[in-house]
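Please examine the sequence and the three-dimensional structure shown below.

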Amino acid sequence: MKRKQLATQHFIDQIRAGNRFALSQAITLTESRLEADQRKAKEIIEALLPSTGHSIRVGITGVPGVGKSTLIDQFGVYLIRQQQRVAVLSIDPSSQKSKGSILGDKTRMSQLSALPQAYIRPTATGSHLGGVAQQTRETILLCEAAGYNIIIVETVGVGQSETMVRNMTDFFLLLMLAGAGDELQGMKRGIMEMADALAINKADGSNLTAAQQAQQDYQQALHLFPPVQNKLNPKVFTCSALENRGLEEIWVFIQQFIQQAKKTHYFSKQRQEQQLGWLHELINLQLSQNFFQHATIKHQLPSLEQAVIQGEMTAREAAERLLKAFNT
Ligand code: GDP
């Protein structure tokens, strides 16, 4: 018991001191399925809570190949030159299924990963989205406690991961390419509505004119969305991650956005809402875990599933029976 407490305290002190090894170990604890690890992670995070929350949390999304890692690499180096400390957390939902991660390439962000003021961590794989959300949120807190004041949460633009990242960040940047078909743009509408800024990347070489045209088109499209309150209206940028152009303008906008959001209390309100959302998510997650691990449910579920598949029973009836069995 005493040893365990000592170890926990050691973690807490080392993370506060900015020890990256201790930080990595603590993040691994949050990803562990062992109950003892989970408990320890919880104790560490609770103790560190007063040292969290002081960062700017920036979500970045875009389809594979749009230039996320190139941009974050350059952007991160730029921010570090501005005396910031940058943590990058990458979420790749596809890696849960295939284990072959789109974000897993070791050569990604090579300049940034060489800097001691940067911390880069891909998210755990093999977990469901709810689990990934939980781990990423805890990782954000741990990174903040370790002194990182810009937290970039990156996700591949597929599936529900954008909403998840939107719900844990203060500012959401959508990276796009010029010349994407109408169909793709239609698909992006929901994500565009979540974005605080759009950046048309690869605005260089023969692509420059098309990127500038896309900037105008998207800015026009954003005007059709209802005006926002208490925060700056979303803005469209062009940039070239490869040539390191346009990134400073984006950073200036992020700072203006955060400043305005703090002034109107939008910033704290959004964080509070995110906390509440997290609480409800955790309750749902725990309840559903308890449900599916319940002995009676495990026993009854396969046959009821079959009955629903065969059309012998409605899904509603099966759910009611199972919930009744769970609650008695
Ligand atoms: P990710 O999958 O979104 O992380 O995209 P990457 O950063 O890996 O970039 C995909 C490809 O696009 C790479 O070959 C990059 O060199 C290239 N790329 C990234 N940004 C730019 C850019 O601004 N201009 C041009 N021309 N190419 C870029």
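The sections below treat the model, the pocket, the ligand and the cavities in turn.

## The model

This is a predicted model, in which local features need pLDDT of at least 70, side-chain atom pairs count only at pLDDT 80 or more, and totals for chains, interfaces and linings use all residues. Residues are numbered from 1 along each chain as its sequence is written, and side-chain values use heavy atoms, with hydrogens and water left out.

## The largest pocket

Rolling a probe the size of a water molecule over the atoms shows where empty space is left. On a 1 Å grid over the protein atoms alone, a cavity is a set of points where a 1.4 Å probe fits but cannot get out, whereas a pocket is an open set with protein on both sides within 12 Å along at least five of seven lines; lining residues have an atom within 4 Å of a point. A volume is the space filled by probe spheres set on the points, which are joined across faces, edges and corners.

The largest pocket holds about 1100 Å³ of space. Its lining has 31 residues, and Gln38, Gln134, Glu138, Leu282 and Gln286 lie nearest the centre. Two or more lining residues come from each of α2 (20-31), α3 (35-48), α7 (129-145) and α13 (266-293); helices (H or I, at least four residues) and strands (E, at least two) are DSSP runs, numbered from the N terminus. The largest share, nine residues, belongs to α13.

## The ligand

The ligand is surrounded by 15 residues, the closest being Gly65, Lys68, Thr70, Asp204 and Ala241 (a residue is near if one of its heavy atoms lies within 4 Å). An N or O atom in the side chain of Thr70 is 2.5 Å from an oxygen atom of the ligand. For Leu242, a backbone N or O atom lies 3.1 Å from a ligand oxygen.

## Cavities and a salt bridge

The whole structure contains two cavities of 30 Å³ or more. The largest cavity has a volume of about 100 Å³, and its lining includes Arg57, Arg137 and Trp278. The second largest cavity has a volume of about 60 Å³, and among its lining residues are Glu31 and Arg121.

Glu31 and Arg121 also form a salt bridge, with their closest N and O atoms 3.1 Å apart (a side-chain nitrogen of Lys or Arg within 4 Å of a carboxyl oxygen of Asp or Glu). This pair links distant parts of the chain, since Glu31 is in helix α2 and Arg121 in strand β3 (residues 118-122), 90 residues apart.

Definitions and conventions. A polar contact is a pair of N or O atoms within 3.5 Å; within protein, one must be able to donate a hydrogen and the other to accept it, and residues adjacent in sequence count only if both atoms are side-chain atoms.
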